[in-house]
There are 2 protein chains.
Amino acid sequence: MRAMHASLLATAAGSLAIAALALATEPADKGLVSPIYGVSLPHGYRQWEVIAPAMEGAPLDELRVVVGNATAARAYRSHTLPFPDGSVLVKLAWKQKPSPEFAPATIPGAATTVQVMVKDARRYAATGGWGFGRFIDGKPADEAQHRTCFACHQARVKGHDFVFTRLAP
Amino acid sequence: MRAMHASLLATAAGSLAIAALALATEPADKGLVSPIYGVSLPHGYRQWEVIAPAMEGAPLDELRVVVGNATAARAYRSHTLPFPDGSVLVKLAWKQKPSPEFAPATIPGAATTVQVMVKDARRYAATGGWGFGRFIDGKPADEAQHRTCFACHQARVKGHDFVFTRLAP
């Protein structure tokens, strides 16, 4: 009886290990990865460290915050370029609206996009080592929107490893 | 000999415990706490979770991000008001400047102030349960600047436990 329990437990542990591996290596729903790049929304990014806020004027009129995972944040703090593999940056964006409580202030309205950059020098060799994902309501935007990412980053911030955002001092 | 070692170790451990207690309960340098409230810059706040960004117009022209410790972030996510004791909010602020690389964007320039709110309903009973600290280059601003904090929060956001910032969606 004890042996059977042990065997069942071992089987259950094995299944859990396989399930954990699957979670770590591929998204649960392939519809939730970006076209072209296969980038998904990273787990727990809402708790990541602030790299910098930004405001984008018309026509988008958005407030934004770029956050980074620990690998990206360490690279920023140590002025490491290019960013090492495993660096992930996420830009959260909201429509901006006037604060109803303090006139000089502009605050976040509705969430708009969540945009992701994942560094993997080999996998994304054709795009400066970065994979891109642009999500709206948790779902990836279409392929046309993903075709524009790298060209703009390449044209404007090639000298900063294709990343616009600097660590806010 | 062994007894003496044990005694020395016990003494050393006792001293360490006292030192740790001192670190936890009072700042190393009393010059680094805010007047009136005795609030210091909390350890590790730069890695805390984003509550929301904001932009403040003229004359300050600042970009800001409010971050919260785990207690504050949990309270926000569960819509808990008033915030529980131990909640700490930190507002980081920077002068805003145009991005040299992307015309529609405004990005952080020089850091200006770091402002702290600490919830302790008993200690700060006279100011809605909140202690305030306003820091410039890591040093607390003068008493006159701290005299204005609560009156403004009380007049404008009493119904949100004296806190302006809402969790960005």
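User: Which residue stands opposite Met55(B) in β1(B)?
Analyst: Thr106(A) does. Keep in mind that this is a predicted model.

User: In what sense do β4 of chain A and β1(B) pair, parallel or antiparallel?
Analyst: Antiparallel, over two bridges. The chain A strand, β4, covers residues 105-119.

User: OK, zoom out. How many residues does each chain bring to the contact?
Analyst: Chain A brings 35 residues and chain B brings 34 residues.

User: And what area is buried between them?
Analyst: About 2,900 Å² between chain B and chain A. Carbon and sulfur atoms give 56% of that.
Analyst: On the chain B side, Arg46(B), Met55(B) and Glu101(B) supply 22% of the area buried against chain A, more than any other three residues.

User: Switching to charges. How many salt bridges are there between chain B and chain A?
Analyst: Two. In one of them, Glu101(B) is joined to Arg166(A), with the closest N and O atoms 2.8 Å apart.

User: How many residue pairs are in polar contact across the interface?
Analyst: The count is 17 residue pairs, with both residues at pLDDT 80 or more.

User: Which elements of chain B give two or more residues to the side that touches chain A?
Analyst: β1 (49-56), β2 (62-68), β4 (105-119) and α4 (149-157). The largest share is from β1(B), with eight residues.

User: What's the makeup of that side by class?
Analyst: On the side of chain B that touches chain A, 22 residues are nonpolar, eight are charged and four are polar.

Key. Residues numbered from 1 in each chain as written. Chains lettered and ligands numbered in written order. Predicted model: local features only at pLDDT ≥ 70, side-chain atom pairs only at ≥ 80, totals over all residues. Heavy atoms only, no water. Contact = heavy atoms within 4.5 Å. Buried area = accessible area lost by both parts, 1.4 Å probe. Salt bridge = Lys/Arg side-chain N within 4 Å of Asp/Glu carboxyl O. Polar contact = N/O pair within 3.5 Å; in protein donor to acceptor, adjacent residues only side chain to side chain. Helix = DSSP H or I, 4+ residues; strand = E, 2+ residues; numbered from the N terminus. Nonpolar A, V, L, I, M, F, W, Y, C, P; charged D, E, K, R; others polar. Pairing = 2+ DSSP bridges.
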